[in-house]
Amino acid sequence: MKKFPDGFLWGAATASYQVEGGIENNDWAKAAREGKVHAAGLATDHYNRFEEDLDIAQSLNFTSYRFSIEWSRIEPEEGKFDETELAHYQKVVDACHARGITPFVTLWHFTLPEWFSESGGFRRSDAPEVFARYAKKVAGALNNVTFFTTMNEPMVWISEGNIKGKWPPFKKNPFALYFGLPYKLKTAHIRAYEEIKKECPDANVGLTKHIIAFEGRGLFGSLLARMSNYVWNARFLSAISKHTDFIGVNYYFHAIFWGKYASNKKSDLGWDLSPEGFYLALREAGKWDKPVYVTEHGLADKEDINRAWYIRESLASVHKAIETGVDVRGYSHWSLLDNFEWAEGFPPRFGLINIDYENNQTRTVRESAKNYATICKDNAL
Ligand code: BGC
């Protein structure tokens, strides 16, 4: 039996725009009105049904829940904050605690208030201060939050929205990963970190980083892997490493120059499923000598064919990382619920819980979730 450390946090994650429903005031909703992306509409109606969803999370033995605050709800106009919406998220936090679940609060998960994106978004010269003001407001308003992550996957946001032009703000700048935005996001994280720590000195404040496991074979392959690792993973982490209490790891991809994956299984989106790469991703995160929390890991698998296998094998990699010295303290599966998968819309099914969109967003727990629940209960594989 592979035991996990005492107090290891087990759970699942969501993000506001992907599940809440009824959000019309951000850059994605605007892009949907313009026909550039799918509309999220009511999504899973999690905004109204969070108690029901947390009941299910509790029944699955979860001890943590990662969710995000929708910035456009909190600050619908620049500098004007909505106390009713802050109170809503306090209710979500309280509902977690009432069920023995530790909330992990993400402040920015890809969507931006319309006013912010229209006025330049993170290209604005004062963007770090604007973000820090919002972070300060949320941290000052919410009680009993011990884990904040400032932002979700800055490099993915730059890549999808500013290099490939598939997401708002639909820019196509091949150099966006190298100049400008990474510096702005790094500064925004650091300023938010400082403000949150002033409001909540005891809270753990971190960042959620999409870590690709790069592996190289042969001289050229190794060189390419090292360079890619620097550009995608290490550069940003090293820039914020003095201003983070933990590193949140989102693991989805393993890039091998050149070689085959141990398994030939793929997700419904055609993504290679490589549990082995998870170990490498965690080793990378461990280089900064900070506690590591897996803040996302999962797959699109509508028929629930590979999910139980993928979770189990991946957790074996997490266990191996812990045994070799990486201080991993929690695992959050992506996702608690089927949800709005950005440019792909609703078809990809990442949820431990199936949503029947045609039938009043009815929730059904997938079989793989029950397997995962046993692992959570045993704190062991
Ligand atoms: C993002 C999620 C997304 C998931 C699956 C992660 O990169 O944080 O919002 O749904 O991947 O694509």
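A cavity here is a set of points, on a 1 Å grid over the protein atoms alone, where a 1.4 Å probe fits but cannot get out. Grid points are joined across faces, edges and corners, and a volume is the space filled by probe spheres set on the points. This is a predicted model, where local features need pLDDT of at least 70 and side-chain atom pairs count only at pLDDT 80 or more, while totals for chains, interfaces and linings use all residues. Residues are numbered from 1 along each chain as its sequence is written, and side-chain values use heavy atoms, with hydrogens and water left out.

**The cavities**

The structure holds 2 cavities of 30 Å³ or more.

| Cavity | Volume | Lining by class |
|---|---|---|
| Largest | about 80 Å³ | 8 nonpolar, 5 polar, 1 charged |

Helices (H or I, at least four residues) and strands (E, at least two) are DSSP runs, numbered from the N terminus.

As for the second largest cavity, β2, β9 (292–297) and β10 (328–334) each give at least two residues to its lining. That lining includes Arg66, Phe104, Tyr293 and Tyr331.

**The ligand**

Now for the ligand, which sits in the largest pocket. A pocket is an open set of points with protein on both sides within 12 Å along at least five of seven lines, and sitting in one takes more than half of the molecule's atoms within 2 Å of its grid points.

Around the ligand are 13 residues (each with a heavy atom within 4 Å), the closest being Gln18, His109, Glu153, Glu296 and Glu341. By class, this shell has 6 nonpolar, 4 polar and 3 charged residues.

Gln18 puts a polar side-chain atom 2.8 Å from a ligand oxygen. The side chain of Asn152 has an N or O atom 2.9 Å from an oxygen of the ligand, and for Glu296 that distance is 2.9 Å too. Taken alone the ligand exposes 310 Å², and the protein buries 94% of that (Shrake-Rupley method, 1.4 Å probe).

Methods: A polar contact is a pair of N or O atoms within 3.5 Å; within protein, one must be able to donate a hydrogen and the other to accept it, and residues adjacent in sequence count only if both atoms are side-chain atoms. On a 1 Å grid over the protein atoms alone, a cavity is a set of points where a 1.4 Å probe fits but cannot get out, and a pocket is an open set with protein on both sides within 12 Å along at least five of seven lines; lining residues have an atom within 4 Å of a point. Ala, Val, Leu, Ile, Met, Phe, Trp, Tyr, Cys and Pro count as nonpolar, Asp, Glu, Lys and Arg as charged, and the others, Gly among them, as polar.
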